[in-house]
Every structure is written in structure tokens, then in C-alpha cells.
Amino acid sequence: MTVNSRDLSTSDPELYRAIQGEINRQENTIVLIASENFVSEAVLQATGSVLTNKYAEGYPGKRYYNGCEFVDIAEQLAIDRAKAVFGCDHVNVQPHSGVQANIGVLFSVLDPGDTILSMNLSHGGHLSHGNPVNISGRLFNIVFYNVDGKTERIDYSEVMSLAREHKPRLIICGASSYPREIDFAKFGEIAESCGAMLMADIAHIGGLVVAGVHNSPVPMSDFVTVTTHKTMRGPRGGMIMCKEQYAKKIDSTMFPGTQGGPLMHVIAAKAVALKEALTDEFKQYQHQIVKNATAMADQLTKKGFRIVSGGTDNHLFLIDVGHRGLTGNVAADALERAGICANKNGIPYDTRPPRITSGVRFGTPAVTTRGMKEKDVLIVADLIADVLLDVTNEEMLRRTRSRVEEILKDFPIYRHKLEG
Ligand code: PLP
């Protein structure tokens with residue numbers, strides 16, 4: 001096998017250097033992107049395993065290919081553990097991503113032209129909840145609910161009246177940038193009152209739900225989708241949970257309906273992450289994520305920043321930088337120059353376009369994985385305040401970057417040095 005040299009540094013030095021660069025960037029950056037995290041070494045090992053070589057169309061025990069006895073073990077472990085972790089009737093662990101999981105649900109139970117009621121992207125929802133630029137918005141009739149203009153929280157009475165008026169077949173709840181606890185029981189009542197099915201997308205808050213830090217949508221939802229790489233701290237991917245009555249439809253919509261061969265190395269890594277999610281350490285970790293987000297939001301409020309909805313109940317918060325005369329892109333770029341990585345984000349009723357925005361979104365899953373506690377993230381919040389109050393001061397940004405690198409020496413991501 002001549003091209004298959006064991007050592008990436010000699011077989012593909014350009015790529016090796018890119019991976020080394022990324023290792024270095026992750027180690028020396030304070031990652032506050034709310035949807036990112038650092039997986040364990042065990043998850044990394046499974047993701048990089050030879051399971052990537054195997055085709056396994058179908059499901060455990062019912063494959064279209066021979067030689068699936070070991071990947072069957074991996075997928076069955078992922079299924080059994082997901083059921084234990086979330087307490088759901090049925091789970092499909094094959095979606096390659098969160099969007100694939102959402103599309104899987106829509107295509108399994110809806111017909112083109114059906115009405116979906118979901119949260120507006122610019123109020124915290126997700127592209128795959130029916131935005132016109134996404135496939136989810138192209139075939140269905142989408143009605144959006146917003147957050148209240150004053151409280152910036154979901155207005156459940158507005159959701160109820162939209163549901164009564166438009167009689168959707170499916171209601172979608174769950175969000176990408178909503179800092180408050182979602183009342184899933186309320187959504188269950190609304191769906192029931194208008195005869196709609198309910199899908200909860202807990203892509204962001206999956207880990208919080210597992211730990212009981214956020215209420216669970218599993219009992220009252222027909223479908224629950226989740227990504228495995230955010231607060232769940234697993235490999236990139238998605239899963240669909242559903243009531244038993246939809247199991248066959250969901251499975252056939254994923255394969256052969258919308259995907260081909262499952263990513264068996266990723267499914268194995270999902271199994272590893274789900275085993276980790278069953279531990280007490282994982283539950284404590286989720287509690288710490290929320291404590292850290294709250295501490296940061298409070299500190300930034302003290303420093304005079306307006307936090308969307310006045311704070312947070314979960315792992316993320318949004319600063320309205322427009323309130324300080326800044327735009328989200330300028331703010332996020334200045335933070336990056338200072339070694340702090342967050343993302344520009346629209347805020348409710350934002351007047352600026354998505355590439356500019358008036359907000360920056362911050363989340364604490366990754367820094368909490370590195371071991372930061374409240375006292376540590378307070379220092380980070382102060383650094384953020386310094387940057388946002390003086391975004392063009394390049395000398396200060398350079399000093400902050402050195403400070404960031406110094407701080408992070410006490411919070412290594414991995415015990416062993418990683419090689420590309
Ligand atoms: N759903 C929600 C609520 C999300 O926030 C995201 C990603 O950020 C997704 C779905 C999509 O996940 P993926 O990027 O894995 O497709």
C-alpha cells in the first residue's frame with residue numbers, strides 16, 4: 001500500500017500542517033461558540049477508527065452488505081444507550097447531522113404544501129425549521145412565531161393563536177440562539193389543542209436535557225431531534241427520537257429515503273459519547289455549563305452591556321452590541337484578534353442583515369470542558385468587555401491575546417499531545 005504511509009506528516013505534509021494549525025488554534029483560543037465543544041480522547045479515537053471503511057446500508061441485523069457483525073455491535077450500543085440516556089421509545093442514530101435529522105422528520109410525516117409552525121430564524125430558530133434558503137422551507141407552507149418584543153421570550157399565547165389560525169400539521173420548537181428555558185409542556189398543549197404533531201429540536205440543549213438542567217421534551221413530543229456534537233460532547237452528527245408509532249417511517253426516511261451508507265465510525269463515536277452521558281461527571285458538567293453562562297452574562301451586565309432577554313437559563317447568551325454602537329461582525333472579529341472566538345448573531349427584531357447583525361452569541365460548553373469554573377469565566381467576561389469597549393485598539397487586542405494564551409495554559413484540552 002504505497003500511498004498509505006502511516007504518517008500523515010510525510011504522506012500529506014500540507015494537510016498535516018493544516019491539522020497542526022487547528023490543534024494549535026483550539027489550544028490557544030477561548031472558544032465561546034455556543035455550538036462547539038471538545039470531545040474526549042475516546043470519542044476522538046472511535047471517530048478516527050477503521051469503522052470508516054465499512055459500508056452498512058440498513059440497520060443492525062438487516063443490512064444490505066455482508067460483513068457487518070462488528071458495526072452492528074457499534075450501532076446497537078448507540079441505540080441502546082441513546083434510549084437509556086433520553087428515555088425515548090425509538091431512536092435512529094444514523095443522521096449525518098442535525099439538519100439531516102430535521103429533514104428526516106419532515107419528509108417522514110409531511111406532504112408537500114403542508115403547514116409547519118416554527119420559530120423565526122432571526123428570533124432564535126434554525127435554518128432547517130423552514131427558512132426559505134433551506135430545503136425545509138421549499139416544499140412546505142411555513143408560518144413563523146416570534147419572541148415578544150419587550151421580554152424577548154417566546155410568547156406562548158401568540159404561538160397558540162397562530163396554531164389555531166393556521167392549523168399546522170407540525171409544530172417545531174427548539175432553537176439555535178434562544179437563551180431561555182423552553183416550556184415543552186406548553187408546546188405539547190398547543191400541539192394537542194390544534195391536532196398538530198410536535199417536533200422538538202434540542203440540538204443545542206441535548207446535554208442539559210440529559211442532566212435535568214432543562215426540562216425534557218421527550219414525553220410530550222412526537223419527534224425529538226438532537227445533534228451529538230454540541231452540549232452532548234460527541235462527534236458531529238444527529239439523532240432522531242420518536243414515539244414507537246413513527247419508528248418505521250423515520251427509519252425508512254433516513255435510509256433509503258434521504259441518506260445512503262451510515263457513517264459507522266461516527267455512530268461508534270456517538271455510542272462512546274452516550275456512554276459518557278450516562279455518568280455523574282457528565283451531569284455535573286452540564287450544571288457547570290449553565291453556572292458559567294449565568295456568571296458571564298451577569299458580569300457583562302454589570303459592565304453595562306445589554307444581554308438579550310436580560311440573561312440566560314441555559315448554556316448561551318447574546319450581547320446586543322448594537323446598543324453600544326457596534327455591529328456583530330466588527331465585535332466578533334475584534335474578539336477573534338484577541339484570541340476569543342464567538343460568533344456574530346442576529347438578535348430579535350434586528351435591523352441589520354445576517355452578515356452584519358447587532359449581536360454576538362456566546363456559549364460556555366467548550367470552556368467548561370476545559371475545566372473553567374465561575375471564577376475563571378469572570379476573568380474571560382472582563383476580557384470580552386475590554387475588547388468590546390475598544391475594538392480598534394490593536395495594541396490592547398494583542399495584549400489580550402497574550403493574556404488568553406497565558407490563562408489557557410492552566411486548562412489543557414487533552415492530557416496527551418495530539419498529532420495530526
Ligand atoms: N438544529 C438546531 C437548533 C441547531 O442549532 C443546529 C446547528 O447549529 C442544527 C439543527 C443543525 O445541525 P448541523 O449543523 O449538525 O446540521
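Helices α4 and α10 meet through Val71, Ala74, Glu75, Leu77, Ala78, Arg81, Ala82 and Val85 in α4 and Met264, Ile267, Ala268, Ala271, Val272, Leu274, Lys275 and Ala277 in α10, where contact means heavy atoms within 4.5 Å. The structure is a predicted model, in which local features need pLDDT of at least 70 and side-chain atom pairs count only at pLDDT 80 or more, while totals for chains, interfaces and linings use all residues. Residues are numbered from 1 along each chain as its sequence is written, and side-chain values use heavy atoms, with hydrogens and water left out. Helices (H or I, at least four residues) and strands (E, at least two) are DSSP runs numbered from the N terminus.

By class, the contact of α4 with α10 comprises 13 nonpolar, no polar and three charged residues; Ala, Val, Leu, Ile, Met, Phe, Trp, Tyr, Cys and Pro count as nonpolar, Asp, Glu, Lys and Arg as charged, and the others, Gly among them, as polar. The axes of α4 (residues 69-86) and α10 (residues 264-277) come within 8 Å and cross at roughly 35°, the axes being lines fitted to C-alpha atoms over the stretch in contact and the angles running from 0 to 180 degrees between N-to-C directions. This crossing is left-handed, a term used if the near helix is turned anticlockwise from the far one by less than a right angle, with right-handed used if clockwise.

For helix α6 (residues 156-166) and helix α7 (residues 184-194), the axes come within 9 Å and cross at roughly 20°. The two helices are therefore roughly parallel to each other, as angles under 35 degrees count as roughly parallel, over 145 as roughly antiparallel, 65 to 115 as roughly perpendicular and the rest as oblique. The crossing of α6 with α7 is right-handed, and the contact is formed by Tyr156, Val159, Met160, Ala163 and Arg164 of α6 with Lys186, Phe187, Ile190, Ser193 and Cys194 of α7. Seven of these contact residues are nonpolar, one is polar and two are charged.

Helix α11 (residues 280-302) and helix α14 (residues 374-388) have axes that come within 9 Å and cross at roughly 40°, which makes α11 oblique to α14. This crossing is right-handed, and the contact includes Gln288, Lys291 and Asn292 of α11 as well as Glu374, Val377 and Leu378 of α14. Its residues divide into nine nonpolar, three polar and three charged.

Two features of the backbone may be noted. Most residues other than glycine have a negative phi, and most peptide bonds are trans. Glu152, in the loop between β6 (141-145) and α6, has a positive phi of about 60° although it is not a glycine. A cis peptide bond with omega of about 10° joins Phe255 and Pro256, and Pro256 lies in helix α9 (residues 247-258).

A cavity is a set of points, on a 1 Å grid over the protein atoms alone, where a 1.4 Å probe fits but cannot get out, and three cavities of 30 Å³ or more are counted. The largest cavity has a volume of about 70 Å³, a volume being the space filled by probe spheres set on the points, with grid points joined across faces, edges and corners. Of the 13 residues that line this cavity, Ala175, Tyr178, Ile182, His204 and Ile205 are the closest to its centre; lining residues have an atom within 4 Å of a point. The lining comprises five nonpolar, six polar and two charged residues.

Technical notes. On a 1 Å grid over the protein atoms alone, a cavity is a set of points where a 1.4 Å probe fits but cannot get out, and a pocket is an open set with protein on both sides within 12 Å along at least five of seven lines; lining residues have an atom within 4 Å of a point.
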